[in-house]
Every structure is written in C-alpha cells, then in structure tokens.
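The stops below are given in the order in which to select them.

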Amino acid sequence: MIGWFAFQTGMVGSTLNLSMGWSAPWITLLAGVLFVALTFVGIRAISWIGVVASVLFIPLGVVAVVLAAGNGGIGSALSYGGGAGASAFSFGVAVTMVFACFADSGTMTADFTRWARNGREGALAAFAAFPVAYLIAQLAGALVVALGGAAAPGTAGGDFLHVLVSAGGVLVPLAIVFVFVNLGSVCAHCLYNGAVGFGNITGKTMRQLTIVLGVVGTVAAVAGIWSYFATWLNILGVLVPPIGIVLILDQLVFAGRRATAALAWKPFAAWAIGAGGALLTHFYAPQLSDAVVAMVVGGLAFTALAYLPVRAGQPVLAGETA
C-alpha cells in the first residue's frame, strides 16, 4: 500500500507537469504533505474526499471523452491502431499487469471494508470498487487514448487532464482540483491501510505510522518513482498473486487443516515457491504471465504442504514442566 501511495502521489506531480507545465517535484511534495495531513485526520475525512472524487470523476470523464471525440465521434475509437502495436510487450506481460492492478487490492479487501456494518455491505463496497468503478476508469482512459486525446499515451496512459485543460474556461480549475481530490482519495486510503496494518504489527498508533510511512512514500514520490510504474506492476505481478491464492486456499479450502502453531510456516513457504516460479518465468519465459504462474505454482505448493502430516506434540515426561 505504501508503494501505491508513493506512485499515486508522484502521479499528481507528473500529471500537472504534463498538462500545466508546473514543477513535478514541488507539486509532488505539496501533494504528499496534503495527503499525509488528510490521512492523519482520520477515516471520516478520507471517506468524504472519496465521495467528492466519485462525484467529480464521472461528469469530468464524460466531458473529456466527448471533447476527445471532437468531430470524428466516439466510433472513431474503433479504428485506433495502437501506438507501439503488438511489439509493446507480450500478452503474458499484459495479463500480469492486469492481475497486478487487481490482486493487490484484493488482498487488502479486509482493510478497505473494515467499517462496513455487515458482510453484505462489505461485499457490495468491494464489488463497487472492483470491478465496477475500476472498469469505468479504465474505459474512460482507453477511449481518450483511442480518440487521440491523450497527451502522452506511452507514458501517462489515458490521463485526460490535458483534454480538459485544453478546453479552457472553468474546466481548468476544476481539472486541477480533480487531480488532487481523485488521486488524494486513493493515496489517503492506501496510506491509512498501510498505517493500520503496520500499527497492528508494531504496536504503534495509526497516526504515528501515518507520519513515518507518509514521509517514506513522499520521499520516494519526489525521487521520481512514478517513472518506474511498469516495473512496479511487474514486481506486484510476481509477489502478490501467490499471496492471494494462499489466502483463498487457507480460508476456504484447507481451513480444517490449518496449523495451530504460533507461526504457520506453510503459507510463507507456498508464497515463496510461487513467487520464485513467477520470477523464473519473468526471466526465462517472458511470453507467459508471471501472475498466472505465481498463482498456479503457489496454489499447488500450498495444497501439497497442507497435506503434510502434522507432527504431534511430544509427551511431557514425569518431573518435567510443560
């Protein structure tokens, strides 16, 4: 989550630099300070900015698509031939990137539904975010690129701020506010989840970890971590999918065979085996998907480990303390 905080914070500076010509490092630093302060306030502030971001995204996204369509109409997107074409990367890499975008949030579902009143509302909230809202955002970006409205599709993808700013008028300040609010909502949620998670591990408070992790993430963002976004997705495609498959199998399939020891080593071993298989695939079979290999290998490894006999505890001899 802290990695996503850093990338999204860096995206603020990169986006406004591309569309407005502003200094990327200074805007990134400003965004980092604002997002850390927002997270420090707490979940209520984060919830409100999320609502505002949702309200702004749909109308501005529609306006951007309409402006990008221009005289050619939406149908012209169907004739888009692509920038780099099929040589950009293999199909396996594309699948890995898709998995990386979704799987990371999947493992954090319990965190961003922690305030749901019941399981049904938690499931609806998760479904509303993934895949519904995420699909809408992806479609808006894809249409802007296919319609030729993106300023730098090779590096910034379907960022439609350039389209709004080019139209001028009231759309300019709205677009700037939208960047901070939209990305700020994502960053604050990521930082909050990370702070709560590490707080449970370290025994520190959420606000203490918010400051520490926020500083680390902001420094990484200012240093230009955004430029390694594709590499970041590849790393997630190797490390995260085996976590997801192990969680699913452990909770839904092999719950009755779960170890009672203080430290359960089997899930960690299965994750390491799955990640190792994905890493080998990345270097020696790039035509395959790292994420798919990671899940298959990790799942098979955990299944095999789950059926290993559990060693019974040694009986306590007379005169010994248990």
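Which residues does T9 touch, not counting residues up to four places away in sequence? Select T9 together with T28, A31, G32, F35, C187 and A221: these are the residues it touches on that count. Keep in mind that the model is predicted.

**Stop 1: T9**

T9 is found in helix 1. Its relative accessibility is 0%, so T9 counts as buried; the cut-off for that is under 20%.

**Stop 2: helix 1 and helix 9**

Two packed helices are described by the angle between their axes and the distance between the axes. Here the axes come within 7 Å and cross at roughly 170°. Angles over 145 degrees count as roughly antiparallel, and therefore helix 1 is roughly antiparallel to helix 9.

To see the contact, show I2, W4, F5, Q8, T9, M11, V12, T15, L16 and M20 on helix 1. On helix 9, show V172, I176, V179, F180, L183, V186, C187, C190, L191 and G194. Coloured by class, this contact has 16 nonpolar residues, four polar ones and no charged ones.

**Stop 3: helix 1 and helix 10**

The crossing is right-handed.

Select I2, F5, A6, T9 and G10 in helix 1; they meet L213, G214, G217, T218, A220 and A221 in helix 10. By class, the residues of this contact are six nonpolar, five polar and no charged.

**Stop 4: the aromatic rings**

Now turn to the whole structure, where a search finds five aromatic pairs. Select F160 and F178: their ring centres are 5.9 Å apart and their planes are at 20°, so this pair is stacked. Are F160 and F178 buried or exposed? Both are buried.

Ring pairs link F57, F160 and F178 into a cluster.

Terms used: Residues numbered from 1 in each chain as written. Predicted model: local features only at pLDDT ≥ 70, side-chain atom pairs only at ≥ 80, totals over all residues. Heavy atoms only, no water. Left-handed = near helix turned anticlockwise from the far one by under 90°. Helix = DSSP H or I, 4+ residues; strand = E, 2+ residues; numbered from the N terminus. Contact = heavy atoms within 4.5 Å. Nonpolar A, V, L, I, M, F, W, Y, C, P; charged D, E, K, R; others polar. Phe/Tyr/Trp six-rings, centres within 6.5 Å; stacked < 30°, edge-to-face > 60°. Buried < 20%, exposed > 50% of the residue type's maximum accessible area, 1.4 Å probe, protein only. Axes fitted to C-alpha atoms, helices over the stretch in contact; angles between N-to-C directions. Parallel < 35°, antiparallel > 145°, perpendicular 65-115°, else oblique.
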